[in-house]
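Colleague: I have not looked at this one before. Can you walk me through the side-chain contacts?
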Amino acid sequence: SPQIGVSAKPQDKSPRGIDRLLDVMARLRDPQGGCPWDLEQTFKTVAPYTLEETYELVEAIEHDDIAHMREELGDVLFQIAFHAQMAREAGLFDFDDVAAQVADKMIERHPHVFASRDANTSDAVLANWESDKEAKRKAKAAEEGRETGTLDGVSAALPATQRAVKLQKRAARVGFDWPDLEPVFAKIREEIGELQHEIDSNAPQDFIEDELGDVLFAVANLARKLGIDPETALRRTNRKFERRFREIEARFTAEGRAITDATLDDMEAHWNAVKREEKKTA
């Protein structure tokens with residue numbers, strides 16, 4: 001539509017990419033001739049797509065797939081434009097408000113760049129960042145007439161392993177942390193033993209779930225101590241499992257039989273063969 005600057009093949013005088021995107025989004029949400037599906041959406045119904053697109057972006061980054069990364073960045077940006085358009089229609093805020101607020105936040109959180117505070121290393125930057133955020137939490141708590149806690153501000157909306165690591169980092173700030181790895185391994189073994197006990201005792205499912213959660217929390221703590229993101233590590237293992245399983249399926253196909261007709265011993269034999277070959281070529 002010429003009125004909003006949307007063109008399938010933008011010419012030299014077409015609007016900048018971000019302006020064109022916002023125009024496209026406005027057109028999709030236009031009650032007169034817009035897309036019926038887009039018009040039915042709300043913040044809550046769009047949120048799962050926002051999360052999905054973010055994960056797809058992360059996957060492209062982890063695969064060093066630059067072309068796909070560019071596409072997925074666009075998909076994430078579209079999600080932001082979608083939410084901003086709905087907020088604009090409700091008279092809450094618009095895309096410019098979102099961009100201006102985050103720019104102000106970044107300026108405030110980087111006084112070593114935009115002001116006179118010194119921070120010559122990334123560790124110093126993070127220390128200043130956390131100190132400033134803690135000061136804000138305390139100020140907000142004082143304004144609301146309540147005390148602050150060490151774990152305040154850790155979002156409950158985070159993926160469980162990511163939230164576990166953040167909770168552990170907060171606790172570590174006040175000294176609630178082991179100095180080395182051996183107690184961490186001992187805790188994992190302890191939690192696995194307790195889980196095994198509940199299973200062997202035919203405990204209620206709720207008890208077993210609780211103990212399994214303790215095992216996962218302890219493993220997340222090990223990841224933190226090793227400086228590894230547990231979500232990234234598990235995604236890597238998921239890809240490895242998928243690659244190996246597809247390979248054993250292909251081997252059974254090459255043998256002229258379906259994997260569903262194979263025994264577990266047959267599958268494990270192929271699995272171990274694939275592992276050995278991967279190690280040779282690593």
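Modeller: Contact here means heavy atoms within 4.5 Å. By that rule, and leaving aside residues up to four places away in sequence, Met 25 touches Asp 38, Phe 78, Ala 81, Phe 82 and Gln 85. Keep in mind that this is a predicted model.

Colleague: Which residues make up the largest nonpolar core?

Modeller: Leu 21, Met 25, Val 46, Ala 81, Phe 82 and Met 86, six residues in total. H1 and H4 are the elements that give two or more residues to this core. H4 gives the most, with three residues.

Colleague: And how many residues are in the second core?

Modeller: Five, and that core is separate. Among them are Ile 248, Ile 259, Ala 262 and Val 274.

Colleague: Switching to charges. How many salt bridges are there?

Modeller: The count comes to 18 salt bridges. In general, side chains of opposite charge can pair when their charged atoms come close. One of the bridges joins Glu 89 and Arg 29, with the closest N and O atoms 2.5 Å apart. That pair links distant parts of the chain, 60 residues apart. Glu 89 is in helix H4 (residues 66–89), while Arg 29 is in the loop between helix H1 (17–28) and helix H2 (36–40).

Colleague: Is Arg 29 buried or exposed?

Modeller: Arg 29 counts as buried, because its relative accessibility is 10% and the cut-off for buried is under 20%. Glu 89 is partly exposed, with a relative accessible area of 39%.

Colleague: What does Glu 62 pair with?

Modeller: Glu 62 forms a salt bridge with Arg 235, at 2.7 Å from N to O. Glu 62 lies in helix H3 (residues 43–62) and Arg 235 in helix H11 (residues 230–254), so the pair ties together parts that are 173 residues apart in sequence. Both side chains are partly exposed: Glu 62 has a relative accessible area of 24%, and Arg 235 is at 22% relative accessibility.

Colleague: What about Arg 257 and Asp 266, how far apart are they, N to O?

Modeller: 3.3 Å, in a salt bridge between the two side chains. Arg 257 is partly exposed, at a relative accessible area of 31%, and Asp 266 is also partly exposed, at 27%.

Colleague: Now the rings. How many aromatic pairs does the structure hold?

Modeller: Four aromatic pairs. In one of them, Trp 37 and Tyr 49 have ring centres 5.7 Å apart and planes at 80°, so the pair is edge-to-face. Trp 37 lies in helix H2 and Tyr 49 in helix H3, so parts that are 12 residues apart in sequence are tied together. Trp 37 is partly exposed, with a relative accessible area of 40%, and Tyr 49 is partly exposed at 39%.

Colleague: And Phe 78 with Phe 82, how are their planes set?

Modeller: That pair is edge-to-face, with 75° between the planes and 5.8 Å centre to centre. Both residues lie in helix H4, four residues apart, about one turn of the helix. Phe 82 is buried, with a relative accessible area of 2%, whereas Phe 78 is partly exposed at 24%.

Colleague: Last one. Which residues form the aromatic cluster?

Modeller: Phe 241, Phe 245 and Trp 271 form one aromatic cluster.

Note on methods. Residues are numbered from 1 along each chain as its sequence is written. This is a predicted model: local features need pLDDT of at least 70, side-chain atom pairs count only at pLDDT 80 or more; totals for chains, interfaces and linings use all residues. Side-chain values use heavy atoms; hydrogens and water are left out. A salt bridge is a side-chain nitrogen of Lys or Arg within 4 Å of a carboxyl oxygen of Asp or Glu. Buried means under 20% relative accessible area, exposed over 50%, partly exposed in between (1.4 Å probe, protein chains only). A nonpolar core is a set of buried Ala, Val, Leu, Ile, Met, Phe, Trp, Tyr and Cys residues joined through side-chain atoms within 4.5 Å. Rings of Phe, Tyr and Trp (its six-membered ring) pair if their centres lie within 6.5 Å; planes under 30 degrees apart count as stacked, over 60 as edge-to-face and the rest as tilted.
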